[in-house]
Structures are given as C-alpha cells and as structure tokens.
Amino acid sequence: LVAGTFTLRFDEDAHVYANDGLATDVLRVAQDGSYQVSSKLSDGPIPVFSPTHPNPTRWYAQTTARFYWLPRPGLLYRYVLDDEPAAIGQHRAVAVADGTALVTASGDGTHYFRLAAFSATGREVASTTYRLQIDTTLPPKPTVLLSKDHVAPGEVFRLDFSNNDKSPNAKKGFYVKLDDGLLYPVTPPLFTAILYGGWHTYTVRVFDAAGNFSDETASVFITH
C-alpha cells in the first residue's frame, strides 16, 4: 500500500505440512526475505539492489559488497559504509555520478550502506540505508559421542552430537555422513549399524547463518 522496505519473517514454530494423511512436516530450511517497494523513481527512498548481498536480513561470509541503483539526472550521489545507520557525512563519503558502488566491511558484525542523492546546490533530496550482516568466523566444532567404538557387524549403536555454537548466528540442524558418503540432515541421537568390518568414520557438520561450517569426526571399529 505504501513505498518502503518490507521483511517477510519465518517464526521458530513455522511449519509446512505434507498432504500425506500424516501431516508430515517437510519444512527443512526457511530464510527471511526483504523487499523494497517504490511507486516512482523520484519518490521515497532510493531503490538499491545488491547482487552480492541481496537480502538485508541474512548473514553473509563475503566482506565485499556491490550495490546498484538507477541514477537520476542532475543529481550527485554520495555513499559510505558505517557501523551506525547515521546521516551521511559529506567529508567522509565517496561521491559518484553513476549508479554503482563497491564497499568492503571492516570485519564481522552489522554494517550500514548509506546512500544519499544531492542536488546541484548541495541539498540532500533522497537517501536510503541498506543493512549488511557479515560473519566470516567458522562455528565451533560440534561434540560427537559414540555409545561404543568397537561393535559387531549389524550391531546397533548410538551416535549422539550437539552444537557448541552459542552465537546469535547459530543455525539449527546437523548433517552426517559415513566415510566418504553423502551428507544427510539428521536429528540426534542416531541409532545405526554397519555391516562391513574395519574402521569407519562418521562426520558431523554444523553450519552458521552465513553458511560457514565446521566438521567433527568419530570412528568406530566393526569387528570381523
């Protein structure tokens, strides 16, 4: 109904149920989305798009971001990347006439790309603020526990694991693979059995909200 930036968020208790007679929850990943609505190029905030960081609600591992906007004739643009969404200061902003900017965040955390358009007399006529959330730090390795490390072929044993990431960027869920197999989403504890003798390795992987991940392994010997 009005111009501005809008966010679609998924709550922690969001579900998508399959029409299978059992109401199986098939929702595995839910990512918030941000949308900018503009009625005219001359009204409201400056519509800005970032192909490298397209969603202001997401965390990204890339520290360098590129922005595009449609420049309006007769206006000069200034931009700055700051840790606070404050008004732009002309003494420290970069002046450009075209509609592109390349900025690099100083480190992890929340940063703000502030863009303003100025008339020929130096009056600010339009502006926008775009949030960048950067996280380049790997999450801590998960804890992996085996109920037994020597079992007979076909004997069921328990694999348990926990996420040690306590940061705000922590992401729920675990992925597990056996030896050089594929990673599968798994909920602990995992009760499993192996038919083939020898040493076998389980790898447990955890992700954070920016896509960084860490692995931990545990080995079990299957007696012949």
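Start at D179, which sits in the loop between β13 and β14 (strands are DSSP runs of E, at least two residues, numbered from the N terminus). This is a predicted model, where local features need pLDDT of at least 70, side-chain atom pairs count only at pLDDT 80 or more, and totals for chains, interfaces and linings use all residues. Residues are numbered from 1 along each chain as its sequence is written, and side-chain values use heavy atoms, with hydrogens and water left out.

Back to the backbone. Most residues other than glycine have a negative phi, and most peptide bonds are trans. D179 is not a glycine, yet its phi is positive, about 55 degrees. D179 is also partly exposed, at 30% relative accessible area (partly exposed falls between buried, under 20%, and exposed, over 50%, with a 1.4 Å probe and protein chains only). A23 has a positive phi of about 55 degrees too, without being a glycine. Look for A23 in the loop between β1 (4-8) and β2 (33-37); its relative accessible area is 44%, so it counts as partly exposed.

Where is the cis peptide bond? It joins P188 and P189, with omega at about -5 degrees, and P189 belongs to the loop between β14 and β15 (190-192).

Now the lining of the largest pocket. By class, it has 15 nonpolar, seven polar and eight charged residues (Ala, Val, Leu, Ile, Met, Phe, Trp, Tyr, Cys and Pro count as nonpolar, Asp, Glu, Lys and Arg as charged, and the others, Gly among them, as polar).

Terms used. Helix = DSSP H or I, 4+ residues; strand = E, 2+ residues; numbered from the N terminus.
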